[in-house]
Amino acid sequence: MRRCRPSPIPALLALAVLCAAGTARADEPSVIEGPAEVVDGGTLAVDSSTVRLAGIVAPGPRQKCLDGNLPWLCGAAARQYLRGLVGDQRVRCEMLRPGIAECRAGGADLGAAMVRDGWAVTGPDGEAYAGLEREARAARRGLWEKAP
């Protein structure tokens, strides 16, 4: 009597169907949403993913800026400002590429708000925020308040 081994094909097909069901179509951006924890002035942890806000560069968590000759913790201030923007709202992030997303809280674009209010500058892919940065500098908001 010959013994037959179970074929792995049905299991592989079932796995392929399950994977395909949870995958977004190529023309749809991947979206994550939920409560957010602010990591620093430009980074959020949302739904077990860490994402950087697209188009901006914010000071690092321990970065210091100068007020005349006196250093101040501008990175901590930027983080605190982003915390205030997020509050206890759910955040919705559309992934542009791995680890980089456009995120909104209460309908507001968080990257745009950080630049507009002077707590971040435009990044290499943030051309859309350049006018907001010029306005923040001219009005001496956020980081620009104490700039020379």
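Two disulfides, each a pair of cysteine sulfur atoms within 2.5 Å, are found when the whole structure is searched. This is a predicted model, in which local features need pLDDT of at least 70 and side-chain atom pairs count only at pLDDT 80 or more, while totals for chains, interfaces and linings use all residues. Residues are numbered from 1 along each chain as its sequence is written, and side-chain values use heavy atoms, with hydrogens and water left out. With bonded cysteines counted along the chain, the disulfides follow the pattern 1-2, 3-4.

**The disulfide of Cys65 and Cys74**
- Cys65 is joined to Cys74 by a disulfide with an S to S distance of 2.0 Å, and because the torsion about the S-S bond is about 70°, this disulfide is right-handed.
- Cys74 has a relative accessible area of 0% and is therefore buried, where buried means under 20% relative accessible area, with a 1.4 Å probe and protein chains only.

**The disulfide of Cys93 and Cys103**
- The sulfur atoms of Cys93 and Cys103 lie 2.1 Å apart and form a disulfide, which is right-handed, with 115° about the S-S bond.
- Cys93 belongs to strand β7 (residues 90-97) and Cys103 to strand β8 (residues 100-105), so the pair ties together parts that are ten residues apart in sequence; strands are DSSP runs of E of at least two residues, and helices are runs of H or I of at least four, numbered from the N terminus.
- Both cysteines are buried, Cys93 with a relative accessible area of 0% and Cys103 with 2%.

**The chain as a whole**
- The protein chain has four helices and ten strands, and from the N terminus on its elements run α-β-β-β-β-β-β-α-β-β-β-α-β-α.
- Of its 148 residues, 33% count as buried.
- Among contacts (heavy atoms within 4.5 Å) between residues at least 6 apart in sequence, 51% join residues at least 24 apart.

Note on methods
Buried means under 20% relative accessible area, exposed over 50%, partly exposed in between (1.4 Å probe, protein chains only).
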